[in-house]
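My entries follow in the order in which I made them.

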Amino acid sequence: MKTNRTFTMIKPDAVANGHIGAILDHITKAGFKIVALKYTALSAQKAGEFYAVHSERGFYADLVSFMSSGPIVAAILEKDNAIADFRTLIGATDPSKADKGTIRNLFAKSIEANAVHGSDSDENAEIEGSFFFSAFEKF
Ligand SMILES: Nc1ncnc2c1ncn2[C@@H]1O[C@H](COP(=O)(O)OP(=O)(O)OP(=O)(O)O)[C@@H](O)[C@H]1O
């Protein structure tokens, strides 16, 4: 199923560094429509659930701790080819390898504190969006 939607989080590092506005500006200027938006925070338990796919990885405990360290912004975005185009817009997981002008190149400091999340498939976009938003909060 192709939904033309993706899910993103502005992670605690980018929120703490005051980049919410600049990142949302980047996203909308790239042609993404915001269809759901929330300023919130993840408990350690919720961060662990969100990143459960990485639970066997060495960085999992640090990732859970980082993702629950402060507020985040969660959003559902709509655009043709949303998944691939958004991952191009944010750049590589490691900001030192992210293309110039990408969100991670501009706003991220490390492979863990990498400013934003972007879904990797239509299926995960739906699961992740529903993790944060009820049917009444998606437009
Ligand atoms: N080697 C690592 N050391 C520390 N943290 C890591 C490492 N690899 C990934 N992470 C963290 O785990 C997150 C999820 O990793 P994944 O491999 O799914 O990358 P991604 O798909 O680019 O990121 P995201 O899922 O957040 O969009 C990364 O965004 C990063 O915050």
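**Strands and ligand shell**

I began with strand S3 (residues 72–78), which is mostly covered, since I find 5 of its 7 residues buried; buried here means 20 or more other C-beta atoms within 10 Å of the residue's own, with C-beta atoms placed from the backbone. Strands are DSSP runs (E, at least two residues), numbered from the N terminus.

I noted that this is a predicted model, in which local features need pLDDT of at least 70 and side-chain atom pairs count only at pLDDT 80 or more, while totals for chains, interfaces and linings use all residues. Residues are numbered from 1 along each chain as its sequence is written. The protein chain averages a pLDDT (the predictor's confidence in each residue, from 0 to 100) of 96, and 98% of the residues score at least 70.

I then followed the partners of S3: strand S1 (residues 5–10) pairs with S3 in the antiparallel sense over 6 bridges, where pairing requires that DSSP finds at least two bridges between the strands. Thr8 has Ala75 in S3 as its bridge partner. Strand S2 (residues 33–40) also pairs with S3 in the antiparallel sense, over 7 bridges, and Lys38 stands opposite Ala74 in S3.

Next I looked up His117, which lies in strand S4 (residues 116–118) and counts as buried because it has 20 C-beta neighbours inside 10 Å. Leaving aside neighbours within four places in sequence, I found His117 in contact (C-beta atoms, placed from the backbone, within 7 Å) with Thr8, Met9 and Lys11.

Last, I listed residues around the ligand, among them Phe59, Asn114 and His117.

Technical notes:
A residue is near a molecule or strand if its C-beta atom, placed from the backbone, lies within 6 Å of it. Helices (H or I, at least four residues) and strands (E, at least two) are DSSP runs, numbered from the N terminus. A residue is buried if 20 or more other C-beta atoms lie within 10 Å of its own, exposed if 12 or fewer, and partly exposed in between; C-beta atoms are placed from the backbone. Two residues are in contact if their C-beta atoms, placed from the backbone, lie within 7 Å.
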